Amino acid sequence: MKELALKVFRQPPERLNCAQSVLHAWREVVTDTALTVAELKPFGAGRAPDGLCGAVYAACLLAPDRAEELKSAFAARLGSLRCKEIRAAKKHSCADCVAEAAELLEGKEDTEDARTSTTTCETNDADRA
């Protein structure tokens, strides 16, 4: 799934953002059509709720029952959940975030319908540390 996400991330003709790229790969592997790629266009480049990285935001939307696990693993590997902090650290590229989120999401695929609730991806006070 990681390769599928990276294949479309910022690449012509679609030039998908981080959130859209993770969703695109998920749809290819799981054939889930609950969300459209266009629906995640507003959530790239740090515009996900609370400044979350769009890639991890998309992963949480697609596997809401695993959202906390995904966020914890993502933060452990990339140093933060927030796009601005990840980019400021200059240790990981946006492509790294897309690859990591896709890889984590693929770990235990949830083939149930994706839910569109953003509450599973909003951070809590513990995530702000």
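Because the model is predicted, local features are reported only at pLDDT of at least 70 and side-chain atom pairs only at pLDDT 80 or more, whereas totals for chains, interfaces and linings use all residues. Residues are numbered from 1 along each chain as its sequence is written, and side-chain values use heavy atoms, with hydrogens and water left out.

The secondary structure consists of six helices and zero strands, where helices (H or I, at least four residues) and strands (E, at least two) are DSSP runs numbered from the N terminus. Along the sequence the pattern is α-α-α-α-α-α. Of the 129 residues in the chain, 47% are buried; buried denotes under 20% relative accessible area, exposed over 50%, and partly exposed in between (1.4 Å probe, protein chains only). Among contacts (heavy atoms within 4.5 Å) with a separation of 6 or more, 65% are between residues 24 or more positions apart. The chain exposes about 6,600 Å², of which carbon and sulfur atoms supply 49%; accessible areas come from the Shrake-Rupley method with a 1.4 Å probe, and for residues only the protein chains shown count as cover.

Helix 3 (54–62) is largely enclosed by the rest of the structure, because nine of its nine residues are buried. These residues are Gly54, Ala55, Val56, Tyr57, Ala58, Ala59, Cys60, Leu61 and Leu62. Their cover includes helix 2, helix 4 and helix 6. Cys97, Val98, Ala99, Glu100, Ala101, Ala102, Leu104 and Leu105 are buried in helix 6. The buried residues of this helix pack against helix 1, helix 2, helix 3, helix 4 (67–78) and helix 5 (83–89).

Glutamate 100 lies in helix 6 and counts as buried, at 15% relative accessibility. Beyond its neighbours within four places in sequence, glutamate 100 is in contact with Phe74, Arg77 and Leu78. Glutamate 106, also found in helix 6, is partly exposed, with a relative accessible area of 32%. With neighbours within four places in sequence set aside, glutamate 106 is in contact with Met1 and Lys2. The side chain of glutamate 106 reaches the backbone nitrogen of methionine 1 at 3.4 Å. The C-alpha atoms of glutamate 106 and alanine 25 are separated by 9.7 Å, although these residues are 81 residues apart along the chain.

The loop between helix 1 (2–8) and helix 2 (18–30) contains asparagine 17, which is buried, with a relative accessible area of 14%. The side chain of asparagine 17 reaches the backbone nitrogen of glutamine 20 at 2.8 Å. Excluding neighbours within four places in sequence, asparagine 17 is in contact with Phe9, Leu40, Lys41, Phe43 and Gly44. Alanine 19, in helix 2, is buried, with a relative accessible area of 0%. Residues up to four places away in sequence not being counted, alanine 19 touches Leu40, Phe43, Gly54, Ala55 and Ala58.

Proline 12 and proline 13 are joined by a cis peptide bond, with omega about 5°; proline 13 lies in the loop between helix 1 and helix 2. Arginine 15, in that loop, has a positive phi of about 55° and counts as exposed at 54% relative accessibility. Aspartate 50, in the loop between helix 2 and helix 3, has a positive phi near 60° and is partly exposed, with a relative accessible area of 34%.

The largest pocket holds about 170 Å³ of space. Of its 16 lining residues, Arg10, Cys18, Gly44, Ala45 and Cys94 are the closest to its centre. Helix 5 gives the most to the lining, with three residues, and helix 5 and helix 6 each supply at least two. On a 1 Å grid over the protein atoms alone, a pocket is an open set of points where a 1.4 Å probe fits, with protein on both sides within 12 Å along at least five of seven lines, and lining residues have an atom within 4 Å of a point. Grid points are joined across faces, edges and corners, and the volume is the space filled by probe spheres set on the points.

Conventions: Polar contact = N/O pair within 3.5 Å; in protein donor to acceptor, adjacent residues only side chain to side chain.
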